[in-house]
Every structure is written in structure tokens, then in C-alpha cells.
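Hello,

I am handing a structure over to you. Please open it first, then read the notes below it.

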Amino acid sequence: MASFRNAAINVFRAINTNKATIAASTNSLHTLRPLFCYSRSTPFSSHTEAESLQIDLSNEESKRCLFNRLLYRSKQRGFLELDLVLGKWVEENIHSLDENRIKALIHVLDLENPDLWKWISGQEQPPESVSANLVFAAVRERVKKNLDIHSAPEVRATPGQPWVRGWDDIKKGQDGPVSGNQ
């Protein structure tokens, strides 16, 4: 049974490879769309050029595929704070984004977690290329608004300074830390 399954998989791969080869040879301008609904010209290309990112919004199935992939990427980053902030923002706004903002969202999702969190939370100033991103600006504004609503400015770290408050800040004394859990 396993050999039949392997043979069926190999036949499926061969058919799809032949279709891709035929389509590429018949029309050199035709762009083959990958299964994940968006692609770059090469896997190692720069993320700075918005033109190099190809997004397929031609039908409902490709839109659904793209939206689900972006929603998953925003909620499953492995950095809890970003999972919550980005996931909620994307969930609320993904259906109202046009193609340029979807590209901007993909560029935000391609950023490294620690840097992105420091920039969104205001601990560090983001580079100009990131702060000019419309999606990044919207997410950062949302976080700033939530901070203003839910916390007083005097309990926050000053802009540009790390947040060093720890779980044992209350423990002050001779043997207690000066600040944080050091």
C-alpha cells in the first residue's frame, strides 16, 4: 500500500512539473503562482522593493488563502506580545486592506521579533524605512492608544529606555534588587 501511495505522489509531482514547464515555455511573461498566494522573484531577494512581491487577489479562493496565511503568521510569531498585538490588528483589518497595504503587512511580518517589539512599543526609534510603512504606523498608533488608555505615563519606561521592571520589584530591602529581577 505504501509503494502505491509513493507511486501516486510521484505521478502527481510529474504531472504538475510538466504543467509548469509547458506554461512557462508557452508564455515567458506568464507568472506561475505558488500555492502560498504570494511570492518574491527569488527566495533571497530584498524585502525593501514592493514591486518584487507578487500577490494574487484575482479570485476569492486566493484571497482566502492569502488572508489565512497572513493571519496565521501574525498570530503565531513565537513572541507572545507580538502574537497578541499583531494578531488582533490583522484579524480586525485584513479584509479592508488593499494590495499595497497587504504588501506593507508582509514587510512588517518579515521583520525580526525583538526589533519589531522595541519599535512598536516605543523603546527604540524604528528606521525610516519601517516608520514609513503604513501598516507599521497603524499598529504602533494602536499600541500607543492602548498604552494611553490602560497605563499612566509615570509607570512606563521613558522612550528609548528598556523596560526593566521585573516580577520581584516589590521585594526591596538589604538583599533585594535595586530594580527588576537582577
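Here is what was found, starting with how to read the model.

This is a predicted model, in which local features need pLDDT of at least 70, side-chain atom pairs count only at pLDDT 80 or more, and totals for chains, interfaces and linings use all residues. Residues are numbered from 1 along each chain as its sequence is written, and side-chain values use heavy atoms, with hydrogens and water left out.

**The core**

The largest nonpolar core has 26 residues. Such a core is a set of buried Ala, Val, Leu, Ile, Met, Phe, Trp, Tyr and Cys residues joined through side-chain atoms within 4.5 Å. Buried means under 20% relative accessible area, exposed means over 50%, and partly exposed is in between (1.4 Å probe, protein chains only). Leu70, Ile102 and Leu105 touch the most other members. Two or more residues each come from helix 2 (60–75), helix 3 (80–93), helix 4 (99–109), helix 5 (113–121) and helix 7 (134–150). Helix 4 gives the largest share, six residues. Helices (H or I, at least four residues) are DSSP runs, numbered from the N terminus. In soluble globular proteins, nonpolar side chains tend to be buried together.

**Helix 4**

Helix 4 is largely enclosed by the rest of the structure, because eight of its 11 residues are buried. They are Ile102, Lys103, Ala104, Leu105, Ile106, His107, Val108 and Leu109. Histidine 107 has 15% relative accessibility, so it counts as buried. The C-alpha atoms of histidine 107 and valine 135 are separated by 9.1 Å, though the two residues are 28 apart along the chain.

Helix 4 packs on helix 7 at about 70°, with the axes 7 Å apart. Axes are lines fitted to C-alpha atoms, for helices over the stretch in contact, and angles run from 0 to 180 degrees between N-to-C directions. That makes helix 4 roughly perpendicular to helix 7 (65 to 115 degrees). On helix 4, Arg101, Ala104, Leu105 and Val108 make the contact; on helix 7, Leu134, Val135 and Phe136 do. Contact means heavy atoms within 4.5 Å. By class, this contact has six nonpolar residues, no polar ones and one charged. Ala, Val, Leu, Ile, Met, Phe, Trp, Tyr, Cys and Pro count as nonpolar, Asp, Glu, Lys and Arg as charged, and the others, Gly among them, as polar.

Helix 2 and helix 3 have axes that come within 7 Å and cross at roughly 155°. That makes helix 2 roughly antiparallel to helix 3 (over 145 degrees). Among the contact residues are Leu70 and Lys75 of helix 2, and Leu82 and Glu91 of helix 3. This contact divides into five nonpolar, two polar and three charged residues.

The buried residues of helix 5 are Asn113, Leu116, Trp117, Trp119, Ile120 and Ser121. Their cover includes helix 3, helix 4, helix 6 (128–131) and helix 7. Just after helix 5, glycine 122 takes a positive phi of about 85°.

How many aromatic pairs does a search of the whole structure find? One. Rings of Phe, Tyr and Trp (its six-membered ring) pair if their centres lie within 6.5 Å; planes under 30 degrees apart are stacked, over 60 edge-to-face and the rest tilted. Phenylalanine 79 and tryptophan 117 form a tilted pair, 6.4 Å centre to centre with 45° between the planes. Phenylalanine 79 lies in the loop between helix 2 and helix 3 and tryptophan 117 in helix 5, so the pair ties together parts 38 residues apart in sequence. Phenylalanine 79 is partly exposed at 21% relative accessibility, whereas tryptophan 117 is buried at 13%.

Best regards

Definitions and conventions: Parallel < 35°, antiparallel > 145°, perpendicular 65-115°, else oblique.
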